Amino acid sequence: MKKVLITGFEPFGGASINPALEAVKKLDGAELDGGVIVTCEVPVTRYDALKAISEAIEAHQPSYVITVGQAAGRNAITPERVAINMDDFRIPDNGGNQPIDEPIDEEGPAAYFSTLPIKAITRKLQENGIPCQVSNTAGTFVCNHVFYGIQHFLRDTDIGHGFIHIPLLPEQAAATDQPSMSLDTIVEGLRLAAQATLENKKDISEGAGQIC
């Protein structure tokens with residue numbers, strides 16, 4: 001039975017909750033058609049995050065890894081297409097680090113593309129009534145750091161990996177005008193993303209481009 005490792009970040013930036021962590025708590029041990037989900041909590045500290053995930057990969061030996069983080073302002077679940085070799089933190093991470101224009105790996109390539117079937121994931125969620133769109137930017141904070149760093153870590157393996165951003169929870173957005181998504185919908189969306197990953201060794205060919 002194949003394992004899909006799904007990771008979720010702890011709260012950051014003074015928040016008391018992170019939807020990514022709340023989702024993985026509910027997903028741990030969830031059965032899929034042909035697999036099972038295992039999970040890992042991740043610190044919002046740039047290199048400590050990579051250490052936590054790489055250790056979870058070593059422990060679980062998954063076939064696929066889906067790293068997950070929140071994206072305030074987004075109204076859909078968004079599989080990311082590309083990670084860039086750049087840390088440029090608008091706020092400090094939970095370790096107090098605030099790099100500006102620093103490469104994640106000085107000897108690494110400029111970017112890595114997701115090795116998950118991001119368009120198949122998008123279609124499966126949409127078919128199940130869950131808002132989902134391909135994203136072409138993972139930002140320059142710890143989410144992108146993890147996306148890039150884990151792609152680099154897995155570069156010589158057959159383990160597929162990619163990053164998915166999720167919206168805020170309603171309780172996070174209640175006092176703002178930002179969009180949100182219920183935890184149950186996020187959990188189901190990530191479960192479907194894991195299932196789509198198992199079902200699609202190659203991604204589907206479907207337009208999801210943007211003009212700008």
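The model is predicted: local features need pLDDT of at least 70, side-chain atom pairs count only at pLDDT 80 or more, and totals for chains, interfaces and linings use all residues. Residues are numbered from 1 along each chain as its sequence is written, and side-chain values use heavy atoms, without hydrogens and water.

**Exercise 1.** Describe how H2 and H4 are oriented to each other.

*Solution.* 
Step 1. The axes of H2 (residues 46-60) and H4 (residues 142-153) come within 9 Å and cross at roughly 45°; axes are lines fitted to C-alpha atoms, with angles from 0 to 180 degrees between N-to-C directions.
Step 2. H2 and H4 are therefore oblique, the class left after under 35 degrees (roughly parallel), over 145 (roughly antiparallel) and 65 to 115 (roughly perpendicular).
Step 3. The contact (heavy atoms within 4.5 Å) involves residues including Leu50 and Ile53 of H2 and Val146 and Ile150 of H4.

**Exercise 2.** Describe how H3 and H6 are oriented to each other.

*Solution.* 
Step 1. For H3 (residues 118-127) and H6 (residues 183-199), the axes come within 9 Å and cross at roughly 130°.
Step 2. H3 and H6 are therefore oblique to each other.
Step 3. Among the residues making the contact are Ile121 and Leu125 of H3 and Leu192 and Ala196 of H6.

**Exercise 3.** Characterise the lining of the largest pocket by residue class.

*Solution.* 
Step 1. The lining has 12 nonpolar, seven polar and three charged residues.
Step 2. Ala, Val, Leu, Ile, Met, Phe, Trp, Tyr, Cys and Pro count as nonpolar, Asp, Glu, Lys and Arg as charged, and the others, Gly among them, as polar.

Terms used
Helix = DSSP H or I, 4+ residues; strand = E, 2+ residues; numbered from the N terminus.
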